[in-house]
Amino acid sequence: MHNPSTRRTFLTSALAAPALAQPARAAAKRPNVIVILTDDQGYGDFSCHGNPLLKTPAMDRLHAESVRFTSFHAAPMCTPTRGQLLTGQDACRNGATSVTAGRALVRSGIPMMPEVFAASGYATGLFGKWHVGDAYPYRPMDRGFQEAKYFMGWGLSSAPEFDNDYFNGRYLDNGRPARFEGYCADFWFGQAMSWIGRQQARRQPFFLYLPTNTPHGPAWVDRKYSAPYSKPGAPANFFGMIANLDENIAKLDDYLGRSGLRDDTVVVFMTDNGGTGGVNFYNAGMRGRKTQNYEGGHRVPCFVRWPAGGLRVAEDIGTPTQLQDVLPTLIDLCGLKKPAAARFDGISLAPLLRSKTAALPDRKLVVQYGQTPKKWDACVVWGKWRLVGENDLYDMDADPAQKASVASSQGAVLKQMRNHYEQWWAGVEKLVADFAPLSIGADAENPVTLTCSDWQDIYCDNVHSVLSGIGGPRGGPWRVLVEKSGEYQIELSRWPFHRALALDAPCPETPLTVAKLEAGKAFPVAGAQLRIAGQTASVKTKPGDKSAGFRVKLAGGTKTDMQGWFQDAQGADLCGAFYARVKRV
């Protein structure tokens, strides 16, 4: 996080539903769009999907009023899903294949959903979880969002956020550090409604992206939401977070109705991957969960509502569809300009949304993600068939729980699906080894802070990773692009800069609203090493030093690895530099 001692901190309170602007439906030429994406809520975590305990009345009402894609597929993990949603491209093509390890970035130059809306005259706003890049040129403001209230990393206890809290915590307001009052999800929805009101007052069509960080763990929520689910075997706090979300969706829907915006607003509701906290309680009869290639890992809900849009009646559509279809669909529904540089793996679902008699072309979908994507670590979806890996074929009509492979009796189907995957893999194989670089020395963000969550090929993305000091004796390298030639000051730190802790000190136990962070491990740091652009440098540090500093000259346009780590008094390697601050001076 940014150092609050050097930059102004803002205090912003979560708002109740704002005062309503006068309805302006008659002036609307294009629909408004709201995309809601909840985090780690599985297909079974809805009462409308048969959950025997959890109550989700607002989500159920949206379900009842929407066209519903019941065989809708995301990635089995959150960043790949977000990248696919925002680009219309498969994760292995756009670069965001994992949540960490240098693979949580959508490559520069790929048009993203907010850029497409902005180019067609829409106001664009993000409130909540971004998780496709913390630094320039990957921040939401760099990718088309005019207003962005968000946080870094995967969540409020990620490595970049470290000691943030779900209650009265920190966020970034278009990149500026700020604080919110109350509960995080309440804040995102409150701010979103206030922003909608401002756009309506301007008679401005809007695209609102509302990706929540709940109900992803840690399961921190006010007890009034979790208490009804304190039953044997039930994940009370996880269900409580969903109950809070449901309450906020009810408030948003009520606001749309009272403001006169409801009929002319497209609402798309989805979740980002398969089930997590609720899987052992109820998983809608599916095998698998988040991170897995079975149906329970990537089948998610998708509800689409547009009352004035001439869509077919609210009902289920069983045709296999995917996250990559959403952007092409919205371009079609809203009459947006398709960017010349756009290359979609998805297709428009508008024909299916508008007509019961429409059909999509026969197609096969590939579900794949990974810290280092490997051939055949995937699922191929084709109608009722699922090819999991290279050899396991399932008939979902006959065996929705995927209990028995039928590969031995369906050789022709198996061959077609394998051939499709081979061709698909040939088109992305070289791309999966191409790390998107982090910019240093850019005017748009100088200095820039790098964190261990972007170390190449090392999974180190949460606060506990930092506290325990994982990652090996040297950590991992950052892939960087030197934006401009000049002298660079590079500071390496064991701890987040905002904590101002000594390199050789432990991190003390940190109390939070409903929990606490354990104390962090101390290393006997007495020096540091830096490697960048063919240069190697070392410095000695003293007890109490908060960072190890270096000065290097770098040539603009250089794409290179940068790696820093700490050593003891004898020169033995201890751990990587979990945080680095780089400034072109």
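Is Lys290 buried or exposed? Lys290 is buried, at a relative accessible area of 14%, where buried means under 20%, exposed over 50% and partly exposed in between, with a 1.4 Å probe and protein chains only. The model is a predicted one, in which local features need pLDDT of at least 70, side-chain atom pairs count only at pLDDT 80 or more, and totals for chains, interfaces and linings use all residues. Residues are numbered from 1 along each chain as its sequence is written, and side-chain values use heavy atoms, with hydrogens and water left out.

Lys290 sits in the loop that runs between β10 (265-271) and α8 (295-298). Helices (H or I, at least four residues) and strands (E, at least two) are DSSP runs, numbered from the N terminus. Not counting residues up to four places away in sequence, Lys290 touches Asp40, Pro76, Met77, His216, Asn273, Gly274, Gly275, Thr276, Gly296 and Gly297; contact here means heavy atoms within 4.5 Å.

Leaving aside neighbours within four places in sequence, Leu54 is in contact with Asp45, Phe46, Ser47, Tyr229, Phe239 and Ile242. Of these, Tyr229 is 175 residues from Leu54 along the chain, yet their C-alpha atoms are separated by 7.4 Å.

The next element is α1, whose buried residues are Ala58, Met59, Asp60, Leu62 and His63. The cover over these buried residues includes β3 (67-69), α7, β10 and β12 (302-305). The axes of α1 and α7 come within 7 Å and cross at roughly 55 degrees. Axes are lines fitted to C-alpha atoms, for helices over the stretch in contact, and angles run from 0 to 180 degrees between N-to-C directions. On the α1 side the contact is made by Pro57, Ala58, Met59 and Arg61, and on the α7 side by Ile242, Leu245, Asp246, Ile249, Ala250 and Asp253. These residues divide into seven nonpolar, no polar and three charged. In this scheme Ala, Val, Leu, Ile, Met, Phe, Trp, Tyr, Cys and Pro count as nonpolar, Asp, Glu, Lys and Arg as charged, and the others, Gly among them, as polar.

Helix α7 (residues 236-259) also packs against α5 (residues 184-201): their axes come within 10 Å and cross at roughly 10 degrees. The two helices are therefore roughly parallel to each other. Ala185, Asp186, Phe189, Met193, Ile196, Gly197 and Gln200 in α5 meet Asn244, Leu245, Asn248, Ile249, Lys251, Leu252, Tyr255 and Ser259 in α7. By class, this contact has eight nonpolar, five polar and two charged residues.

Of the 18 residues of α5, 15 are buried, so the helix is largely enclosed by the rest of the structure. From its first C-alpha to its last, α5 reaches 26 Å, close to the 26 Å expected at 1.5 Å a residue; the expected span is 1.5 Å times one less than the number of residues. Arg203 follows α5 and has a positive phi, near 55 degrees.

Trp478 is found in strand β21 (residues 478-482). Trp478 is buried, with a relative accessible area of 0%. The C-alpha atoms of Trp478 and Ala201 are separated by 45 Å, and the two residues are 277 apart along the chain.

Note on methods: Angles under 35 degrees count as roughly parallel, over 145 as roughly antiparallel, 65 to 115 as roughly perpendicular and the rest as oblique.
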